[in-house]
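Hi everyone, thanks for making time for this.

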Amino acid sequence: MAKDTGKFTELLKPHYNDAMRYSRALCAGWSPDEAEDVLQQSFLIALENFENLNDISKFRSWFFKIITTTFYSAVRKHFWKKFLPMDSGVNIPKMPQVFNCAEQTESRIILNQALSKLSAKERSAILLFEIAGFSIEEITRIQKEKSTSAVKSRLSRARAKLRKYITEQENFLPRNESQNGSNGEFKGDLENETIKLISEIRTDEQR
Amino acid sequence: MKQSNLSQKSEQMNKDKILENHFNEVKLEDYSESFPAVENWIYKTNIQLKNKQNENKQNERKLQKMKNFLFANKLRLAYSIVTLAVIIATCNMPVTQTETAGQVITLTVPTNNTDFAAKMSALPWIKNAQVSSNGNTEEGLNQTLYTIILPDATQEQAVNYGKELESLGGITTIKITPLDYDVKRPLYSAALDHFFSIKIDATGMSDQEVEQLVQKHLKKHGIDMKFHFKTGPDGKRDIFIEKTEDDKLKEARNFELNIDDNNGKEKIKIFTKKADPEQLKGKTDEEIRKMVKQEHPELQDKDIKIERNGDKVQVKVEVERNQK
């Protein structure tokens with residue numbers, strides 16, 4: 001529980017966008033509601049432990065570490081969560097919708113699909129590096145690894161998998177970038193649709 | 001055909017660029033619009049967490065105190081365990097209690113009084129008694145000794161039966177003795193024996209029905225105390241406890257009466273004490289009040305009513321409670 005909520009939100013504000021992007025990408029393949037559950041749980045843990053944060057300059061890595069560990073436990077609970085609701089022990093109001101309004105592009109959908117093929121640790125490592133901009137040393141601490149080499153090889157493996165999957169998808173899609181631009185936008189809830197279905201929809205739209 | 005190193009490198013760079021483009025797009029996502037709502041939620045949530053933590057702290061403090069006390073050193077822990085064991089052992093220690101199973105009337109009648117046996121047999125209550133007779137000679141006179149065992153009879157009933165027997169005439173001696181027996185039971189059971197609880201759901205019952213039900217429960221436990229219920233215009237039921245003039249306590253009994261009435265609950269605890277009349281002899285009202293208040297400090301002077309009738313002194317305690 002944070003004694004000074006004002007201080008907490010003040011520290012959070014500059015890192016808010018990165019934290020949201022990281023959370024959403026981390027929960028790739030999950031519904032926005034499920035991703036918000038992870039985020040809500042992360043906020044609760046952060047609020048409860050904010051008093052124990054002695055060095056406020058480490059707020060960013062501290063908060064991302066909380067999101068990461070919450071995500072790990074959510075992955076473990078993901079199967080059982082279908083049957084049992086996540087109970088924080090108190091009647092906490094549901095956090096406002098953050099991810100539902102996020103616009104889904106074709107590129108984002110492909111990346112989500114690719115990310116969902118990675119293991120939780122690989123996904124977290126690549127996103128901490130690419131999206132949140134953490135150094136390998138920082139990721140080592142966030143992921144509670146003993147050496148940087150573990151993170152380096154994890155990043156390498158994650159990149160290789162992503163490249164492979166994305167290339168396959170790029171080759172598969174009948175894209176016409178000159179007509180639609182590189183970021184052909186899809187509106188609506190298309191995240192859980194297959195890539196094949198998207199391409200069919202695009203073809204129909206062009207006709 | 002095998003690709004050249006340059007071509008492979010170029011392909012790799014191309015793939016990296018594609019991947020970078022995907023990540024760059026994620027980096028362009030803007031969630032800042034949702035920050036005020038999330039900030040507001042954080043404030044609200046933190047208040048709730050604070051309340052929860054205060055509750056937890058209070059519980060923890062109580063537990064911590066107990067932990068500190070018990071686990072401060074091994075000797076104290078050992079003493080606590082031994083004390084607990086002693087308490088349990090003491091509660092289960094068997095104690096002997098004397099209980100009255102009934103009354104025995106023994107009377108002697110001259111043997112030549114042949115009518116007595118017939119007159120006695122005509123008494124209605126004698127059918128429930130066990131009667132035995134023996135011939136006896138006392139001071140040169142032939143006497144018949146009758147032993148009448150009255151199971152479950154109270155001393156009061158036995159005295160009344162004795163009076164009826166005396167009215168038949170011709171009795172030389174009559175004696176009433178209680179039929180006692182010893183019971184062994186654990187200490188806790190002995191302590192609870194003089195205290196019992198009655199639970200009544202009076203919802204939808206009339207005043208008379210509640211009165212009858214209470215009376216029935218009390219009689220089952222050998223208590224003759226009259227309760228009177230009266231429903232006021234506001235729908236609230238007043239409870240009056242009446243003490244009859246001939247109400248003599250056979251033994252001290254304590255009980256509680258729990259009445260549920262249209263979602264309202266009333267708990268009455270009644271303690272009765274068999275007083276020694278000699279104890280009150282020669283005492284002034286003030287001294288008697290002091291005696292009563294020593295045992296019940298919650299009572300006020302106005303609650304203790306003392307009635308004097310010659311040498312007889314009767315002490316009544318009347319407490320009026322207003323229901324909130």
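Let's begin with F71(A), which is buried, its relative accessible area being 0%. Buried here means under 20% relative accessible area, while exposed means over 50% and partly exposed lies in between, with a 1.4 Å probe and protein chains only.

Before I go on, a word on the basis: this is a predicted model, where local features need pLDDT of at least 70 and side-chain atom pairs count only at pLDDT 80 or more, while totals for chains, interfaces and linings use all residues. Residues are numbered from 1 along each chain as its sequence is written, chains are lettered from A and ligands numbered from 1 in the order in which they are written, and side-chain values use heavy atoms, with hydrogens and water left out.

Now to the rings. A pair of aromatic rings is described by the distance of the centres and the angle of the planes. Rings of Phe, Tyr and Trp (its six-membered ring) pair if their centres lie within 6.5 Å, and planes under 30 degrees apart count as stacked, over 60 as edge-to-face and the rest as tilted. Over all chains, that gives 16 aromatic pairs. In one of them, W30(A) and F71(A) have ring centres 5.7 Å apart and planes at 45°, so this pair is tilted. Which parts does the pair tie together? W30(A) sits in the loop between α2 (16–26) and α3 (32–49) of chain A, and F71(A) in helix α4 (residues 59–81) of chain A, so parts 41 residues apart in sequence are joined. Helices (H or I, at least four residues) and strands (E, at least two) are DSSP runs, numbered from the N terminus.

W30(A) counts as buried too, at 10% relative accessibility. F71(A) also forms a tilted pair with Y72(A), 6.4 Å centre to centre and 50° between the planes. Y72(A) is buried as well, at 14%.

Ring pairs also build a cluster from F8(A), F43(A), F50(A), F59(A), W62(A), F63(A) and W41(B). Keep W41(B) in mind, please. Among the residues that Q40(A) touches are I92(A), P93(A) and W41(B), leaving aside those up to four places away in sequence; contact means heavy atoms within 4.5 Å. Q40(A) belongs to helix α3 of chain A and is buried, at 11%.

On to the interface. How many residues does each chain give to the contact? Chain B gives 29 residues and chain A gives 46. Together they bury about 3700 Å², 68% of it on carbon and sulfur atoms; buried area is the accessible area (1.4 Å probe) that two parts lose on being put together, summed over both. Here W41(B) returns: with F23(B) and Y31(B), W41(B) supplies 21% of the area that chain B buries against chain A, more than any other three residues.

There is 1 salt bridge across this interface, meaning a side-chain nitrogen of Lys or Arg within 4 Å of a carboxyl oxygen of Asp or Glu. E29(B) and R108(A) meet in a salt bridge, at 2.3 Å, N to O.

Finally, chain B has 9 helices and 11 strands, and 25% of its 324 residues count as buried.
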